[in-house]
Every structure is written in structure tokens, then in C-alpha cells.
Amino acid sequence: MIEAQVQSTANGAIVYDRSLGVVPDERWFDRAHWPAGGGSPNAGRGTAAFVDTPAGACVLRHYRRGGFVARLSADCYLWTGAARTRAFREFELLARLVDAGLPAPRPVAARYVRDGIGYRADLLTRRIADAQTLAERLAAGALSPRLAHDTGRTIAAFHEAQVWHADLNAHNVLVDGEGTVWLIDFDRGRLRKPARSWRLANLARLRRSFDKLGARGEPQFDARFWQPLLAAYDAAMSRSRPVSGSRGVLS
């Protein structure tokens, strides 16, 4: 179980998993503090990096804005309270998912730093060893019906648990060296009431990401991967396993 502990800092706070047996400080969120460990397979806007910490191999991600608003502020968000910061909310959601046995990265620590009426934030999660994204598998021609089956069942497990992923795409689905499928990057994700509409929208977003990567109009992709994925998803959605909302991880 994740044991969330919050400690104050000079300009903000850090929440960390006390069960890991180490207490992070603010240096943990500074890339320059760690030896260069390479980029993350889901580096996105260049905000994630691999780092080796006393808690193990981790991914360090700095929260950055996208789209038009990034022109106004690249990484500063409006302050509305500690529990509503991007980092603390993602830490709490990941803690719930890990405690529920879902294949999501284990949260190690998160912090926010106040800056006037805004804040900046960072998140450390445990690194998934020997992992490739589905985008990388597509590029390598390594998408198989078996992987499609496992991916469909994994997405269904999250949906059965009422978990909405805000950006389900081929870069945010990993398969590790043992074949386990993981979902990563739960920024803005949340638990939602069961509804077919948002579940189908999640799948449609995933399909659009594959199409942007070159799968559009490829019959082999549909036959060997996408249709088996949907079949496995549909078969798994006949049962429900909600994540309890009664426990406040940061309370």
C-alpha cells in the first residue's frame, strides 16, 4: 500500500510514499542533481527524464503546458490549493490505481513550488523496466494479436475501475520485457461515473494516435492489432471492478 506523507518546503510542499523507506528533498526534482540518465520513452514536450534515486530507477517529469496557453506561461499554473495541484492530484490517483492492483507506475514523490498566484510542479514515478511504447512497437512492426489482446484487456481493466485517462495514446501505453501492458501519464486523469461515451472516446483517441503514426489505411494493422484489441476489450467489459473513492490518499 502507498503510505502518502506530506512535508512542507520553503515555498511549497512534497508528498511522498513513506513505505519506500527514504525521504526525498527538493534536490530530487532537479535534473542537474542526478547523473544523466537519458530521455523517457514518453518525453512528450521534453519534460521527462530517467533518474536513479535512492528509491530506485524513476522517471522525473516537470509539468508543462501545451497549446496556445503555453505562449503565456510554459509551466506555471493558477494556484487553487495544494490538493488541486497537478502533481498532488496525479500522485493521489496513481496511489489509488497501484493499491487497486492496476498496471500504472508507482508514485514516488510529487512537489509544488508556489510562485505568486501560481505554482510549478514535478512528479517522480518508478520506472517500468525494459519497456517500449506501442508507438515504438508500431514503428518496429512488432504489434501482434497477442499484444492486442493484452492491451484491450488492460484498457478494459482501467475502464471497469472507472478510470478515465485524459490522453490515451500509443505513447502512453507501454509493454515491458515480460509482456505486461501498462498505462502511464495520468496527468488530468480521474475517476468517473461509468459511461459508454467517455470509454468509447478513450478508444477513439487511441485509434487517432495510431493513425497519426501511420496506421491509417493499413489493413494489416486493423486485422492483426486493432480488431483483436477491440474484441478483447469488449469481452472484458462484461464485469465491473470499481476503485473505492472512500479513502483520501493525501488526507
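Trainee: Is Asp75 buried or exposed?
Mentor: In this predicted model, Asp75 is buried, with a relative accessible area of 12%.

Trainee: Which residue forms a salt bridge with Asp75?
Mentor: The partner is Arg120, and the closest N and O atoms of the two are 2.8 Å apart. This pair links distant parts of the chain, 45 residues apart. Arg120 belongs to strand β7 (residues 118-126), whereas Asp75 sits in the loop between β4 (56-62) and β5 (77-78).

Trainee: What does Arg120 count as, in terms of accessibility?
Mentor: Arg120 counts as partly exposed, because its relative accessibility is 29%.

Trainee: How many salt bridges does the structure hold?
Mentor: It holds 15 salt bridges.

Trainee: Why does Arg207 count as buried?
Mentor: Arg207 counts as buried because its relative accessibility is 16%, under the 20% limit. Asp211 is buried as well, at 14%.

Trainee: And where does Asp222 lie?
Mentor: Asp222 lies in helix α5 (residues 219-236). Its side chain meets that of Arg207 in a salt bridge of 2.6 Å, N to O. This pair also links distant parts of the chain, as Arg207 in helix α4 is 15 residues apart from Asp222. Asp222 counts as partly exposed, at 23% relative accessibility.

Trainee: Which residues are joined into one network?
Mentor: Glu26, Arg111 and Asp122 are joined in this way, through salt bridges that share partners.

Technical notes: Residues are numbered from 1 along each chain as its sequence is written. This is a predicted model: local features need pLDDT of at least 70, side-chain atom pairs count only at pLDDT 80 or more; totals for chains, interfaces and linings use all residues. Side-chain values use heavy atoms; hydrogens and water are left out. A salt bridge is a side-chain nitrogen of Lys or Arg within 4 Å of a carboxyl oxygen of Asp or Glu. Helices (H or I, at least four residues) and strands (E, at least two) are DSSP runs, numbered from the N terminus. Buried means under 20% relative accessible area, exposed over 50%, partly exposed in between (1.4 Å probe, protein chains only).
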